[in-house]
Amino acid sequence: MDLAALRQEYMRAGLHERDLAPDPFTQFGSWFDEALQSGIALPNAMTLATANKKGRPTARAVLLKGFDALGFVFYTHYRSRKGREIEENPQAMLLFCWKELERQVGIEGRVARVSEAESDEYFAVRPLGSRLSAIVSPQSEPVAGREVLETALEEASKRWRDAPPRPAHWGGYRLVPERFEFWQGRKDRLHDRLCYRSAGGAWKIERLAP
């Protein structure tokens, strides 16, 4: 396969400064609504990039579970690799890639845990199996085999039945944005890249070369 020959022209739309909302959260909400309405699978899927205190990066796909003017929320195991890295270095980036719309959104900022009440509220509405898995999985740690996890899940199910409590090692994080970049694919790779940067309590908009 000739990977160099794999290419696609981006022809759907453009992105002009005059069309942007002054507030990046409003702009994200508009694009997110379009992604929802488009019918694409998992429009809330995003890549979360973190780094440890030495700057060694890792990335993985997670699901956005809420956003508002305070930031973007996701949930995970606090002692997972990403959890440990966030504790060491609370700077991270989210990347949404909606290829069907020829769009990407990158969001950079600081990350902190949400309140225990927020974590409790979300945990309570998760599917039962997901709640039990959160209890038994030592996320990112080596295990002897899948049967170890399945046995632990079965034991947890017998113990907690349909009311497992949220474990202390599991909960939410909120990324508070300092920078947004909205990317729209364009013909001849002359893509539109419009960036919002936090500056003195306001948002400054600038165009970046593709």
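Mentor: M1 lies in the segment ahead of α1, the helix that covers residues 24-38. The model is predicted, which applies to everything that follows. M1 is exposed, because its relative accessible area is 87% and the cut-off for that class is over 50%. Together with L3 and L6, M1 makes a nonpolar surface patch of about 430 Å².

E17 also belongs to the segment before α1. Its side chain forms a salt bridge with R207, in which the closest N and O atoms are 2.8 Å apart. The pair links distant parts of the chain, since R207 sits in strand β9 (residues 202-208), 190 residues away from E17. Both partners are partly exposed: E17 has a relative accessible area of 39%, and R207 has one of 37%.

The side chains of R179 and E108 also meet in a salt bridge, at 2.9 Å from N to O. R179 is in strand β7 and E108 in strand β6 (residues 103-113), so this pair ties together parts that lie 71 residues apart in sequence. E108 counts as partly exposed, at 29% relative accessibility.

E181 and R193 meet through their side chains in a salt bridge of 2.7 Å, N to O. Here E181 is in β7 and R193 in β8, twelve residues apart. E181 counts as buried because its relative accessibility is 13%, below the limit of 20%, whereas R193 is partly exposed at 22%. Returning to E17, salt bridges with shared partners join E17, R186, D192 and R207 into one network. In total the structure holds 17 salt bridges. Side chains of opposite charge can pair when their charged atoms come close. Over the protein chain there are 32 positive and 29 negative side chains, and the centres of the two sets lie 3 Å apart.

The loop between β7 (170-184) and β8 (192-199) contains R189. This residue has a positive phi of about 65°, although it is not a glycine. R189 is partly exposed, with a relative accessible area of 36%. L42 is another non-glycine residue with a positive phi, of about 45°. Most residues other than glycine have a negative phi. L42 is placed in the loop between α1 and β1 (45-51), and at 54% relative accessibility L42 counts as exposed.

A69 is found in the loop between β3 (66-68) and β4 (71-77), and it counts as exposed at 65% relative accessibility.

As for the setting of these parts, the protein chain has five helices and nine strands. From the N terminus the order is α-β-β-β-β-α-β-β-α-α-α-β-β-β. Among contacts between residues at least 6 apart in sequence, 66% join residues at least 24 apart. Of the 210 residues, 39% count as buried. The accessible surface comes to about 12200 Å², and 51% of it belongs to carbon and sulfur atoms. The C-alpha atoms fill a box of roughly 60 × 50 × 40 Å along the principal axes.

Note on methods
Residues are numbered from 1 along each chain as its sequence is written. This is a predicted model: local features need pLDDT of at least 70, side-chain atom pairs count only at pLDDT 80 or more; totals for chains, interfaces and linings use all residues. Side-chain values use heavy atoms; hydrogens and water are left out. Helices (H or I, at least four residues) and strands (E, at least two) are DSSP runs, numbered from the N terminus. Buried means under 20% relative accessible area, exposed over 50%, partly exposed in between (1.4 Å probe, protein chains only). Contact means heavy atoms within 4.5 Å. Accessible areas come from the Shrake-Rupley method with a 1.4 Å probe; for residues, only the protein chains shown count as cover. Lys and Arg count as positive and Asp and Glu as negative; His and the chain ends are not counted. The place of a charge is taken as NZ of Lys, CZ of Arg, CG of Asp or CD of Glu. Patches are made of residues with over 30% relative accessible area and no salt bridge: like charges are joined within 9 Å, nonpolar side chains (Val, Leu, Ile, Met, Phe, Trp, Tyr) within 5 Å. A salt bridge is a side-chain nitrogen of Lys or Arg within 4 Å of a carboxyl oxygen of Asp or Glu.
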